[in-house]
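Please keep the structure open as you read.

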Amino acid sequence: MLITAPFAGPVSFPLLVAKVLSKVNFELKNSCETNEIGDVVLDSITNVARLRLKGYRIVAGVFVKMYSLIGNKNSEVIYTIRQGTLADYNARLYAKLTNKKEVVNTTPEDALKRAEEGKLALVGIEVKLGELFEDEMMKLNHFVPQCVIYSKTYPTEVIEAYEEGIRLMRERPEESALIISSASKYYSLQVMKNIIHVYNHRLTTKGDDLSKSIELYSLVKPEVKDLEIY
């Protein structure tokens, strides 16, 4: 069984950890470095919608806290990173839900600078840890899974390994931070040590959670509406 996931994306972290510490028996490849599509795909709900894979369905969703809101939440403009990323879709979703006028795509550094000038920025917690976007969405009653496990069949062993990886991240954070920073080629070890406790991954297979995620993200990416639930 081949599983593909972006190793720089938090959705992959529990499997990266389980693969090393529990030695689970499946092939795991970095979708940032391969064009292969796994039998099981882990990614943001907006990315899997873009893939348009026939016969694949959402089997689980992942609640994870990975974005910060920095600056003035009353600003009518939100600065975030490049267009088409999950951060971008989250910024556009937040703008829609809070009646903001504009989302501007820029660099993480420039987004932080704009926040210092009285605007609002949405960036990954690895860039700067501030007020969590996911906590704000919880206050708005719109906290849903941002990432999903997408598969042709029900991947019981992957679900079990994911749960095991979540447990290991909580119980062995130092080792987990090293595994993630090494595999991702994006996070430094010190950064990952500083933020690994924040993510608080939680897996859900509840149809209601998955339906709410589809409904919410289809507001900013209409193709999400076509996704099916296992």
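A search of the whole structure turns up one cavity of 30 Å³ or more. Here a cavity is a set of points, on a 1 Å grid over the protein atoms alone, where a 1.4 Å probe fits but cannot get out, and lining residues have an atom within 4 Å of a point. The largest cavity has a volume of about 40 Å³, a volume being the space filled by probe spheres set on grid points that are joined across faces, edges and corners. The model is predicted: local features need pLDDT of at least 70 and side-chain atom pairs pLDDT 80 or more, while totals for chains, interfaces and linings use all residues. Residues are numbered from 1 along each chain as its sequence is written, and side-chain values use heavy atoms, leaving out hydrogens and water.

Around the largest cavity you will find Phe-133, Glu-134, Met-137, His-142, Phe-143, Val-144, Gln-146, Leu-216 and Tyr-217. Helix 5 (133-139) gives the largest share of this lining, three residues, and helix 9 (207-217) supplies at least two. (Helices are DSSP runs of H or I with at least four residues, strands are runs of E with at least two, and both are numbered from the N terminus.) Because domain 1 (2-65 + 146-226) and domain 2 (67-140) both contribute to the lining, the largest cavity lies between them; the bounds come from an automatic or database domain assignment.

Now turn to the largest pocket, with a volume of about 890 Å³. A pocket is an open set of points with protein on both sides within 12 Å along at least five of seven lines. Of its 35 lining residues, Pro-6, Gly-9, Asp-43, Asn-47 and Arg-82 lie nearest the centre. Strand 3 gives the most, four residues, and strand 1 (2-5), helix 2 (45-51) and helix 3 (86-97) each supply at least two. Domain 1 and domain 2 both give residues to this lining too, so the largest pocket lies between them.

Strand 1 also leads us to strand 2: the two run parallel, joined by four bridges, where pairing takes at least two DSSP bridges. Ala-5 has Asn-30 as its bridge partner in strand 2. From strand 1 the chain passes through helix 1 (residues 13-21) to strand 2 in a right-handed β-α-β crossover; right-handed means that, with the strands pointing away from the viewer, the path from the first strand over the helix to the second runs clockwise.
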